[in-house]
Amino acid sequence: MMRHSDSSVIAAGGVNWAVHWRELVERRRVVIEGLATQGPQSDFWDQRAGRYARRVQSLDPKTDPLTQMLLGLVRPGDTVLDVGAGTGRYAIPLAAVVSEVTAVEPAEAMRAQLEQALGVKRPKNVDVVASNWEAAEVAPHDVVICSNVLYPIADAVSFITKLDAHARRTVAIIIRVDQMAAMIDPMWHAIWGRGCPPEPGLLDLYNLVFALGFRANVRLAHRANAQRFTDLDDALRQAHNQLFLPMEQTDHDERIRAYLAETLLPRDGELESPFTPQYALIWWEKDG
Ligand SMILES: C[S@@+](CC[C@H](N)C(=O)[O-])C[C@H]1O[C@@H](n2cnc3c(N)ncnc32)[C@H](O)[C@@H]1O
């Protein structure tokens, strides 16, 4: 397997994309850990699993463009490895059409949601591995997918080269084109006196994988449905999450509520975000 260190990953123009990626991740981590003494976000996904599962369940895999794109990359006899499978958004619809899916997922609460989504009639062809990707020991699969996982991974080079090393045919990565915090950014300024530090996105990833030698295809898609909230209290709780503002810290709530009330759109008795962020599917074939 080809190995790259940060210092060797330099693309045209002299930019070291591995260092650039690491700096984005580290800058964001340092800012977030310093906010209201948040500290390390090691249980980030355990705190958010329930909400995440509800959001995933509101998507219909038959119309969700990203699910459909992934389904277009697999063949009936394939084995698929889903790295950071979360609540099974892609692992479950893929399992219905391929021969075997291995879902690697480190967060216990996300795995619990995945098991619940798999249900009592659990398909026999889904294997769940409780591990982060860095430590996971799994066999190569025909197709390796990794959706919305890379944002906090500082050593993206090792992570991605391990994805590639475990793919017999195709590697497919989903990443945001727009920043997750786009809607709430004015509140970052109001409360923290600065914008939300950017996460790595499509352009950072494309440049990095290109520098690693992978000539990737890209397709963009909007989220199938805009983010919805049952009411203003629900939106406020989510805003706390995106602002990394502890729930018990309520001194900014009036201002956040006012902002949400004027920004969110009423839809079918709920509130909807006016932003429908774009995502990208980046994929490459091993013989391509
Ligand atoms: C935004 S969720 C995405 C879940 C799913 N792939 C999807 O697209 O719906 C990110 C997931 O990545 C997992 N994750 C975080 N760090 C990881 C790592 N180092 N290795 C593997 N998975 C990781 C989290 O536990 C979480 O379930």
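The dialogue below goes through the fold, sheets and ligand shell of a predicted model.

Me: How many helices and strands does the protein chain have, and how compact is it?

Reply: The secondary structure of the protein chain comes to ten helices and ten strands. Its radius of gyration is 19 Å, close to the 19 Å that the globule rule gives for 288 residues, so the chain is as compact as a globular protein of that length. Along the principal axes, the C-alpha atoms fill a box of roughly 55 × 50 × 30 Å.

Me: What share of the residues is buried, and what share of the contacts joins residues 24 or more positions apart?

Reply: Buried residues make up 35% of the 288 residues in the protein chain. Among contacts with a separation of 6 or more, 73% are between residues 24 or more positions apart.

Me: How do strands of a sheet pair, and which way do β1 and β2 run?

Reply: Strands of a sheet pair through backbone hydrogen bonds, either parallel or antiparallel. Here β1 (residues 79–83) and β2 run parallel and are joined by five bridges. One place to look is Val80, which stands opposite Val101 in β2.

Me: Which strand do four bridges join to β2, and how does the chain cross to that strand?

Reply: Four bridges join β2 to β3 (residues 126–129), and these two strands run parallel. Ala103 has Val128 in β3 as its bridge partner. From β2 the chain passes through helix α5 (residues 108–118) to β3, a right-handed β-α-β crossover.

Me: Why is β2 described as largely enclosed?

Reply: A residue counts as buried if 20 or more other C-beta atoms lie within 10 Å of its own. Four of the five residues of β2 (residues 100–104) are buried, so the strand is largely enclosed by the rest of the structure.

Me: What is the strand order in the open sheet that contains β7, β8 and β9?

Reply: The order is β7-β9-β8, with antiparallel pairing. β7 (228–229) and β8 (265–267) stand at the edges with a single partner strand each, so one side of each has no neighbour in the sheet. Two bridges join β7 to β9 (residues 270–272), and these strands run antiparallel. Arg228 stands opposite Glu272 in β9.

Me: Which residues come nearest to the ligand, and what classes make up the shell?

Reply: Of the 19 residues around the ligand, Gly84, Gly86, Ala107, Trp133 and Ser147 come nearest. By class, the shell has eleven nonpolar, five polar and three charged residues.

Technical notes
Residues numbered from 1 in each chain as written. Predicted model: local features only at pLDDT ≥ 70, side-chain atom pairs only at ≥ 80, totals over all residues. Pairing = 2+ DSSP bridges. Buried ≥ 20, exposed ≤ 12 C-beta atoms within 10 Å, placed from the backbone. Right-handed = clockwise from strand over helix to strand, strands pointing away. Near = placed C-beta within 6 Å. Nonpolar A, V, L, I, M, F, W, Y, C, P; charged D, E, K, R; others polar. Rg over C-alpha atoms; globule rule 2.2 N^0.38 Å. Contact = placed C-beta atoms within 7 Å.
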